[in-house]
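Open the model in your viewer and keep the selection tool at hand. This tour goes stop by stop.

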Amino acid sequence: MECIPWTENIILLSDSYKVSHWKQYPPGTQYVYSYFESRGCDNAGWNEVVFFGLQYFIKRYLLGPVVTKDKIDEAAEIYSQHFGDGVNDNPSMFYREGWEYILKEHGGRLPVEIKAVPEGMVVPTKTVLFTLVNTDPKCFWLTNFLETLLVQVWYPMTVATQSRYQKTSIAKYMEETGNEQWDVPNGVTFKLHDFGFRGVSSVESAAIGGCAHLVNFLGTDTVASMICARDYYGSKKAAGGSIPASEHSTITSWGVDGECDAMRNMLESYPEGLVACVSDSFDIWRACKDYWGDKLKDLIKGRITDTKFGRLVVRPDSGDPAETCCSILKILLEQFKEDVTETKTGHKLLPPYIRVIQGDGVDWESIPKILEKLKKEKIAADNIAFGSGGALLQKLNRDTFKCAFKCAEITINGESRDVFKDPITDKGKASKKGRLTLQLASETTGFSDSDKYKPRSDANPVPGGTGFLHYSTDGKYVTVSSGKGDPKKDIMVDVFKNGSLLVDYTLEQIRAKADIKNGPFGGGAA
């Protein structure tokens, strides 16, 4: 027996019901134009997203001749059985002729065009992020067939956005507690480490989710993320860094009485550089006071000399995060008080040879709670880093930012018209109409107040609302709908057409766009 590889077949990468949709559009349909957006977020203050991940899906699934005879044959067999009654096959649902047309007339390349905002761009929610339209009128059914696959962009986009919000939170507290060094490897560069490989649903999730985190930070233990960054985002070297670190088995295998020896072994096995050691196997307070702060103190202090730099990173892994971190830091600050300094804001800072990393219960809500408690206790935020696993890469879903892909325009017998949904039972699901452009509000002039979009309401009962200017909440951007926009001012750019990639973003470029004030990749979002 050998490992069984997963062979991709674009014809099978869709929801079942989409296989039947080629029969459902109006007669004479030639073009179907759809778009993707975040319809908002319920988390307080989360009113913008980092657009990231579309390039991965394009390179992974859409480039080149992705339709072949063998794939058509495979899909025909599976769908015939799938739509049968369990006894008799039903081949009528599958549009074999349509896929054979793509193979014959387009050499197996997908006749669609995608426009999107630049990857790494930070944009408000409720704005268009990418559009998709078929380029061959006989393939009108293909646009929304691809929805299932491309909507999965929600995942890397949401991870990148959530990671960035945590980066902003950490930077805020570092600044408020007196941090003055922001350049790599200082500042927020390694303050949130990806522990998420084991906590996600698949290897692919680890790869693209972990890569999304690397948009904001340099710390990761998710090896697959670096492969994704290398193969799909042009990283010339490993996009993230890590250090030797213990797990409970490598400490507890020494026994209760041997815990201090296990810790000593960590320091002696890695005498230079950074090393992390889990310290809560039995008694975290004893570990910090009696072992790290007494018996092993000279070894820790000796990690920094005129010729070398080293640092021990103490890792608690249980208890209430805020209380535990605060108590541990107080112990360490006392045990190493002869080398403790104060920041310009009067917050205590451990000597460079020792720090703490909290890797349990870490998410976007707990980080500011921990840092707020430390701040009040006059402890600098730079004393601590964070590791996050399932919460970083898995504790989210498509509804976190309410991501949706909707048809906005259809062309029938040469005539184009707006398409939209506006369910009376959920006003939040109203979609945008017609061809869309994303423009700077400052460049969108010459319109009147009546042109501003107003959703359907008791006072404005028109289905789909009125107006075509969808301004972002910050007033900086506007999605212009119904084909009223200026293509020359469109922030979205052509990224894919007829099987070819038109723009190839690097992780370096994306990091610079998504960065924050005092960030390690450029100092501010573009």
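Select residues 437–440 and 477–480. These are strands E15 and E17, and they pair in the antiparallel sense over four bridges. Strands here are DSSP runs of E with at least two residues, helices are runs of H or I with at least four, and both are numbered from the N terminus. Two strands pair if DSSP finds at least two bridges between them. Zoom in on Leu438: Thr479 in E17 stands opposite.

Before going on, note that this is a predicted model, in which local features need pLDDT of at least 70, side-chain atom pairs count only at pLDDT 80 or more, and totals for chains, interfaces and linings use all residues. Residues are numbered from 1 along each chain as its sequence is written, and side-chain values use heavy atoms, with hydrogens and water left out.

The three strands form an open sheet, ordered E15-E17-E16, with antiparallel pairing. Neighbouring strands are turned by 30° against each other on average, direction ignored.

**Stop two: a helix pair**

Select 284–295 (H11) and 321–335 (H13). Two packed helices are described by the angle between their axes and the distance between the axes. Here the axes come within 10 Å and cross at roughly 20°. Axes are lines fitted to C-alpha atoms, for helices over the stretch in contact, and angles run from 0 to 180 degrees between N-to-C directions. H11 and H13 are therefore roughly parallel (an angle under 35 degrees).

Which residues meet? Show Ile284, Trp285, Cys288, Lys289 and Gly293 in H11. Across from them, in H13, are Thr324, Ser327, Ile328, Ile331, Leu332 and Gln335. Contact means heavy atoms within 4.5 Å. The contact residues divide into six nonpolar, four polar and one charged. Ala, Val, Leu, Ile, Met, Phe, Trp, Tyr, Cys and Pro count as nonpolar, Asp, Glu, Lys and Arg as charged, and the others, Gly among them, as polar.

**Stop three: two loops**

Go to Pro185, in the loop between helix H6 (154–176) and strand E6 (192–194). The peptide bond from Val184 to Pro185 is cis, with omega near 5°.

Then find Lys378, in the loop between helix H14 (366–376) and strand E12 (384–388). Its phi is near 60°, a positive value in a residue other than glycine.

Methods: Parallel < 35°, antiparallel > 145°, perpendicular 65-115°, else oblique.
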